[in-house]
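Here is a short note on the model. Please read the points with the structure open.

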Amino acid sequence: MRILLAPMEGVVDYEMRALLTQIGGYDRCVTEFVRVTDQLLPNRVFLRFNPELEQGGTTPSGVPVYLQLLGGSAKYMGINAARAQKLEPPGIDINFGCPSKTVNKSDGGSVLLKEPHRIGDIVKSVRDSVDPAIPVTAKIRLGFSHHDFLAEVAGNIEEAGASEVCIHARTKEDGYKPPAYWSAVKQVSEQSSIPVIINGEIWTVADAHRARAESGCSDIMLGRSALTRPDLAAAIKADNNADSRFVWRSWPEVLEILIHYLERSESQHPKFVSNRSKQWLVFLQRAYPEAATLFQNIKRLKESEDVFNALSASLKQLA
Ligand SMILES: Cc1cc2nc3c(=O)[nH]c(=O)nc-3n(C[C@H](O)[C@H](O)[C@H](O)COP(=O)(O)O)c2cc1C
């Protein structure tokens, strides 16, 4: 079983990938998406989204990071992939799942699920533009508003030469509302000759079991739960290996991880620390009640220094 860390725009950045892969359990990451329209992007754009390209394409712990491209023009997706491959990413992932209105309006993301042949064209263009040794993968949802095209979309992706497809088991219209329909992926995973990865609503070790059983997929991708329990991937791997030595991180340990992330990201824009600390605490609330209390304490703070002081004071109290 492999576990992939899901791409999450505005959440899973370079530092987050470094931190979560250091905690362990992940076999691969994906960058935030690089938006491709009708231009050839300069290298600095790829490097901004994927700083790992300057260190062999992996996180500091050695986990490969695929570059994520999003766009509706087969031609420009191919041209940009051809340029990006010169930076030697370990793989290129194509986003066909983004539900954002802005992105969908400009012909990118999940809106393409309405046109299965275009998905095939885009994957083929990217596949044909890069060295055969570089895997090209795709991430889709079950469909836009229904599942009727799922088999065709998945078939076109495979035929176009993709190495793998990850399926977020909801439609665009489902958004992020539970449940995820893992069993809706079963037919595709049985028919496909490339690996199919199941994604959506895997919050616990038990969910991972059920998602794999119901979808027929061996590999899983974790999104929001990776933030809710930073050691979930490690727990799932330990369970899979029948390794009884695994112990969940305590709240003080998790709080330390949060502070560490913010410290490493301090060179970002001035609101970064205040925004991201609140964002992560909201994710953590689901697993740690202490995170809810801490969120209440810091929710009005804007300055980085004030946030750091509040988090450190909370950690000291726990010692
Ligand atoms: C804040 C946020 C940003 C996301 N950004 C991306 C993205 O850039 N590309 C993508 O393919 N999916 C993106 N997704 C979808 C996730 O990769 C994943 O498919 C989704 O969250 C379902 O998995 P989960 O239930 O484990 O969170 C994003 C999701 C969230 C919540």
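1. Helices (H or I, at least four residues) and strands (E, at least two) are DSSP runs, numbered from the N terminus.

2. On sources: this is a predicted model, where local features need pLDDT of at least 70, side-chain atom pairs count only at pLDDT 80 or more, and totals for chains, interfaces and linings use all residues. Residues are numbered from 1 along each chain as its sequence is written, and side-chain values use heavy atoms, with hydrogens and water left out.

3. The length of H5 agrees with expectation: its 14 residues (116-129) should span 20 Å at 1.5 Å a residue, and its end C-alpha atoms are 20 Å apart. The expected span is 1.5 Å times one less than the number of residues.

4. Ser225 belongs to helix H9 (residues 224-228). Ser225 counts as buried because its relative accessibility is 3%. Its side chain reaches the backbone oxygen of Ile202 at 2.7 Å. Leaving aside neighbours within four places in sequence, Ser225 is in contact with Ile202, Trp203 and Leu232.

5. In H1 (residues 14-23), Glu15, Met16, Ala18, Leu19, Gln22 and Ile23 meet Ile257, His260, Tyr261 and Arg264 of H11.

How values were computed:
Buried < 20%, exposed > 50% of the residue type's maximum accessible area, 1.4 Å probe, protein only. Polar contact = N/O pair within 3.5 Å; in protein donor to acceptor, adjacent residues only side chain to side chain. Contact = heavy atoms within 4.5 Å.
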